[in-house]
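Trainee: Please take a close look at one chain for me, and take it slowly. I would like one connected account.

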Amino acid sequence: MGEIQNLLAVLMISFGAFFMFVGSCGIVRLPDFYSRSHAASLGDTLGIILVLGGLMVYEGFTMNSAKLFIAIVFVAHASPTGSHAIARAAFRAGLKPWFKTNESDRE
Amino acid sequence: MDSFFVYISVILIVIISIPLYRIYLGPTLYDRILGAGAIGTKTLVLIVLIGCVYGRLEMFLDITLAYAVLNFIGVLAIAKYLNSARGRHG
């Protein structure tokens, strides 16, 4: 039982670190602010859920596991909300989205 | 299992330092705020892993919850401020 628990925890934490790496690369590589905010919010949320879930599996049924569950629920609600708030502020300030074609070709 | 947590912590520090590029030369103000928020949410995971390495997870989990709430409120406050003071930022 302990072996299976450790294996599942290692797998979930590794996949979570991979998704956070993809999110970081997306913040650097993507072309405009809105796509960058998409990469940051989605990649970070899934990565944090996987890493903290893996630690829950590693801990078993304890008080720490309950606190980790509270942290997962909070992050799963807070991270997309914060990203949405920044994107809404940027859109209201008049930041233009990026298009693949030029301005002159798009009419 | 302890050495695995140390390895993941080191990898996570490298992952956290990637958005510093976007904070340093983001074209707009919003890119910088986004990078700072991404660093904050990833630091939360780093704190939990440090708690696992030190073997005092219950104390570090309380720090994690407080850090998550403060990060969320900070991002919301900056977004609200930029909404109210519109037109003066690039």
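Of the 90 residues of chain B, what percentage count as buried?

Mentor: This is a predicted model, in which local features need pLDDT of at least 70 and side-chain atom pairs count only at pLDDT 80 or more, while totals for chains, interfaces and linings use all residues. Residues are numbered from 1 along each chain as its sequence is written, and chains are lettered from A and ligands numbered from 1 in the order in which they are written.

In chain B, 37% of the 90 residues count as buried (20 or more other C-beta atoms within 10 Å of a residue's own; 12 or fewer is exposed, in between is partly exposed; C-beta atoms are placed from the backbone).

Chain B has 4 helices and 0 strands (DSSP runs numbered from the N terminus: H or I of at least four residues for helices, E of at least two for strands). Along the sequence the pattern reads α-α-α-α. The radius of gyration of chain B is 16 Å, well over the 12 Å that the globule rule gives for 90 residues, so chain B is more spread out than a compact globule (the radius is taken over C-alpha atoms, and the rule is 2.2 Å times the number of residues to the power 0.38). Along the principal axes, the C-alpha atoms of chain B fill a box of roughly 50 × 25 × 10 Å.

As for contacts in chain B with a separation of 6 or more, 51% are between residues 24 or more positions apart (contact: C-beta atoms, placed from the backbone, within 7 Å).

Conventions
Contact = placed C-beta atoms within 7 Å.
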